[in-house]
Amino acid sequence: MMNKQIKGSEALMLALKAQGVKTIFGYPGGSIMPVYDALYDYTRGEKKAFDHILVRHEQAAAHAAEGFARVSGEVGVCIVTSGPGATNTLTGIADAMMDSTPIVVIAGQVGISVLGTDAFQEVDLVGVAQPISKWSYQIRHAEDIAWAVSRAFYIAKSGRPGPVVLDLPRNAQVETVEYVEEKDTFIRSYVAYPELNRDALQEAATLINQAKKPLALVGQGVELGNAQQELKAFLEKADIPAGRTMLGLSALPSDHPLNVGMLGMHGNLAPNIKEQECDVLIAIGMRFSDRVTGNLSTYAKQAKVIHLDIDKSEIDKNVKADVAVIADCKESLPALTEMIRESKHSEWRESFKPLQEKEYERVIRPALHPAEGQLLMGEVVNAVAQATNGNHITVTDVGQNQLFATRYSCYKQNRSIVTSGGLGTMGFGVPAAVGATFGAPGRTVVCFCGDGGFQMNLQELGTIMEQQSPVKMVLLNNHYLGNVRQWQDMFWQRRKSFTKMMNPCYELIAQGYGIPYEAVVDRKDLDAAVAKMLSTDGPYILECAILEDDDILPMTPPGKSVDEMMLSL
């Protein structure tokens, strides 16, 4: 007996259900209307399988899917219409590609009979998205929906994760098909998990066993591979200090004795200086971004470099590796741990402390405990971290707010940092925080925003209002595009070209969206305001009046070596 014939739109629902999808972020429109009609039945009643979150802009749908994916470890999903709906997601797709975030974007498209005619809201989405996605595919007929969805999810979440784009013409949504569930576990020519090379492991182990001054650089790959425990076992056996990239901050707890701080342009002084002194550099699930390495011509030239990464294309791309271990770190780290000797590097680890103390006295203490004057970003972030005991999820926008938030938050749980690293997308914070509340519903989500980025996706307060998404928004308002202003002061003769901002009354905006609000001007009121925000059910906006020329330090100036960090301007 033949299975029932169903429309392609319902086949899509069944294919998503088969992948375990429960949350969808989206925005309807003409070319995706058949899918939304099918979605109606699958969000209520006996067929209920999904919660659909209606965003207010398609870019926000992609960022929300990213936030969901980052904290849950699952694939984020968004559905939008063709043309401008699809192109609005491109920033989120590019962001997900840069930061290895698994999302699937499903976009409507005009029917195949009118493709190429410049039909209303027609865009060559596959062509546009191909360079910024892991896979971009047009599903031309309903019979291909189950296969394409299965393959899309497999590609998005396997190996090095990333975004996948499915372009769904209207005819495929309305055609009938006999639905048969598909499950992809193998794609010829796509090697998601490279075979572990034991010879390379042995070479790496030999270098580590001989090292007097080893230093590990921990990236987001550890989180993506769920190898946090394997990382700790490796570091502890060999007594190796570890710096963390911005996206890898929660891969190792902030209070772990081997954690020596954040790497990069605005990271901590000690790990940046010690990169230029170590004899063996062990990069684990990180890509040697320019924001980490500074001037490549002078970067870690004295060190033997071991690079552990699942993506072969990252090997030797920026920094030449002496030994490359190409594999999932969930597999490579425990295998390497078995081969290395138990060691102690007490003298080497002690040498970090004077640098840590120097940074504390020159930068951290003044940032967290100012004696007078206006509020500083660091002390606001620290107040939140102290109030949550470091157990919240830190979501940031981009700019000074991001740099202060990542530096001065504490990380006690895995998957606790959601920020736009590679692309640096202003407007990322609020929608990503919305997604995070659905991806980790039992945790406190705090979103730190500047007044610039907050206004870039301000409309998502409507999504928060409708969903009562419990995002705690900390608005660090200095009336400037602060990071650009700082660079103008440092490198452009203080010519503040269009970085001063006239801002709206955020209290009235919060009132319009029915979101509780408080403003803090005086630091004596800060702790009580943070406590009130955290104890309030649902969303909250806490606006903090920040010193206009509050600068983020330390800083490695562009083009300089990592050991040329500035502690003052």
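Me: Hi, quick one to start: which residues line the largest cavity?
Reply: The lining is made of Arg 70, Gln 220, Glu 223, Leu 224, Leu 247, Arg 415 and Ile 417. Keep in mind that this is a predicted model.

Me: OK, and what volume does the largest cavity have?
Reply: About 60 Å³.

Me: How does its lining split by class?
Reply: The lining of the largest cavity has 3 nonpolar, 1 polar and 3 charged residues.

Me: How many cavities of 30 Å³ or more are there?
Reply: The structure holds 2 of them. The second largest cavity comes out at about 30 Å³.

Me: What lines the second largest cavity, then?
Reply: Its lining consists of Ala 15, Ala 18, Gln 19, Ala 146, Val 149, Ser 150, Tyr 179 and Glu 182. By class, 5 are nonpolar, 2 polar and 1 charged.

Me: Which helix gives the most to that lining?
Reply: That's α7, with 3 residues. Both α1 (8–18) and α7 (145–157) supply at least two residues each.

Me: Switching to sheets. In what order do the strands run in the one that has β11 in it?
Reply: The order is β11-β10-β9-β12-β13-β14, an open sheet of 6 strands with parallel pairing.

Me: Why is one side of β11 and of β14 left without a neighbour?
Reply: β11 (259–262) and β14 (323–326) are at the edges, and each has a single partner strand, so there is no neighbour in the sheet on one side of each. From one strand to the next, the twist averages 15°.

Me: How do β12 and β13 pair up?
Reply: Strand β12 (residues 280–284) pairs with strand β13 (residues 304–309) in the parallel sense, over 5 bridges. To pick one out, Val 280 has Lys 304 in β13 as its bridge partner.

Me: Which strands does helix α9 touch?
Reply: Helix α9 (residues 198–210) packs on the sheet and touches β12, β13 and β14. The direction of α9 makes about 130° with that of β14.

Me: And what about α11, which strands does that one touch?
Reply: Helix α11 (residues 228–238) also packs on the sheet, where it touches β9 (214–218), β10 (242–244) and β12. Its direction is at about 170° to that of β12.

Me: There's an open sheet with β3 in it too. What's the strand order there?
Reply: That one goes β3-β2-β4-β5-β7-β6, which makes 6 strands with parallel pairing. β3 (51–54) and β6 (135–138) stand at its edges with a single partner strand each, so one side of each has no neighbour in the sheet. The twist averages 20° from one strand to the next.

Me: How many bridges join β5 and β7?
Reply: Strand β5 (residues 103–109) and strand β7 (residues 164–169) pair over 6 bridges, in the parallel sense. Ile 106, for instance, has Leu 166 in β7 as its bridge partner.

Me: Last topic, the backbone. Is the peptide bond from Leu 553 to Pro 554 cis or trans?
Reply: It's cis, with omega near -5°. Pro 554 sits in the segment after β20 (540–545). For context, most peptide bonds are trans.

Me: And Gln 121, is its phi positive or negative?
Reply: Positive, at about 60°, although Gln 121 is not a glycine. You'll find Gln 121 in the loop between β5 and α6 (125–129). Most residues other than glycine have a negative phi.

Note on methods:
Residues numbered from 1 in each chain as written. Predicted model: local features only at pLDDT ≥ 70, side-chain atom pairs only at ≥ 80, totals over all residues. Heavy atoms only, no water. Pairing = 2+ DSSP bridges. Helix = DSSP H or I, 4+ residues; strand = E, 2+ residues; numbered from the N terminus. Axes fitted to C-alpha atoms, helices over the stretch in contact; angles between N-to-C directions. Contact = heavy atoms within 4.5 Å. 1 Å grid on protein atoms, 1.4 Å probe; cavity = no way out; pocket = protein on both sides within 12 Å on 5 of 7 lines; lining within 4 Å. Points joined across faces, edges and corners; volume = space filled by probe spheres on them. Nonpolar A, V, L, I, M, F, W, Y, C, P; charged D, E, K, R; others polar.
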